[in-house]
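Dear colleague,

Please find the structure below, together with an account of what was found in it. Kindly read the account with the model open beside it.

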Amino acid sequence: MIRKIIGLSIVALLVSCGGDDGPPPAPKGAALVFPEENSECTTGTDISETSTQVTFRWMASDNTESYTLSVVNLDTNVPQNISTASTSASLTITKGTPYAWSVTSRNSTSDQIASSATWLFYNAGAQTTYAPFPAQLVSPTSGSTVQKDIANEVLLEWSGADVDNDVESFEVFFSDTDPPTTSVGLTNASTMEIPVGVESGTVYYWRVVTTDLEGNSSDSGVFDFKVL
């Protein structure tokens with residue numbers, strides 16, 4: 001009887017030791033290095049009168065086999081993507097143009113991915129001053145459905161930046177028609193939110209125009225959301 005108990009104990013121990021080790025570790029998001037956030041990139045290699053080749057760099061991230069670099073032209077919203085196992089990659093981009101860039105980390109043993117922060121920069125051109133970066137609309141996200149508050153309002157939130165650090169104002173356009181042309185408020189450089197009145201069951205459209213002290217301006221593009 002004792003031998004039988006010992007035998008069963010050994011089998012149970014072997015089963016427990018050989019059990020499921022859990023899912024493979026997911027990749028971590030990479031830390032971006034260059035071009036720096038909200039900067040003017042002046043180190044590109046000239047390709048033509050209108051374009052330069054810029055080398056993007058980031059730090060290695062844990063549990064990562066490959067990276068996908070995404071660089072978006074903020075004037076056209078057209079992305080360029082390139083995959084690499086390295087922590088740098090070069091792309092040819094347009095001079096004097098604002099860009100957003102980010103890196104996605106991947107691992108073939110995991111179905112999860114991890115995204116870095118998104119940084120904005122201007123690729124250097126002939127300008128002596130630059131228009132502000134187009135405002136990044138944060139909330140409500142485009143295509144989302146939201147609940148109005150007790151005052152029948154929704155809070156619009158965005159972020160803004162400028163290479164010259166001279167943003168003067170943000171003007172918010174908001175309506176139930178696309179594109180929105182009704183101005184609902186002008187805020188200063190440090191205020192990046194505004195409440196707007198809404199009605200249930202309605203789809204709304206909004207955009208933000210950023211203006212700097214030189215009179216340069218940029219348009220965020222249009223986001224839409226529906227109110228419950």
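A salt bridge is a side-chain nitrogen of Lys or Arg within 4 Å of a carboxyl oxygen of Asp or Glu. The model is predicted, with local features needing pLDDT of at least 70 and side-chain atom pairs pLDDT 80 or more, while totals for chains, interfaces and linings use all residues. Residues are numbered from 1 along each chain as its sequence is written, and side-chain values use heavy atoms, without hydrogens and water.

**Salt bridges**

The structure contains 2 salt bridges. In one of them, the side chains of Arg207 and Asp219 meet at 2.6 Å, N to O. This pair links distant parts of the chain, as Arg207 belongs to strand β17 (residues 203-212) and Asp219 to strand β18 (residues 217-219), 12 residues apart. Strands here are DSSP runs (E, at least two residues), numbered from the N terminus. Arg207 is buried, since its relative accessible area is 14%, and Asp219 is partly exposed at 37%; buried means under 20%, exposed over 50% and partly exposed in between, with a 1.4 Å probe and protein chains only.

Lys95 and Asp46 also form a salt bridge through their side chains (3.2 Å, N to O). Lys95 lies in the loop between β7 (88-94) and β8 (97-106), whereas Asp46 is in strand β3 (residues 45-46), 49 residues away. Lys95 is partly exposed at 22% relative accessibility, and Asp46 is exposed at 55%.

**The surroundings of β17**

Of the 10 residues in β17, 8 are buried. Two strands pair if DSSP finds at least two bridges between them. β17 runs antiparallel to β14, joined by 8 bridges, with Ser175 opposite Tyr205 of β17. Antiparallel pairing also joins β17 to strand β19 (residues 223-227) over 4 bridges and to β18 over 3 bridges. Asp219 in β18 is the bridge partner of Val209. β17 and β18 form a hairpin with 4 residues between them, and Gly215 in the turn has a positive phi of about 90 degrees.

**The largest pocket**

Which residues line the largest pocket? Among them are Leu74, Pro134, Phe223 and Asp219. A pocket is an open set of points on a 1 Å grid over the protein atoms alone where a 1.4 Å probe fits, with protein on both sides within 12 Å along at least five of seven lines; lining residues have an atom within 4 Å of a point.
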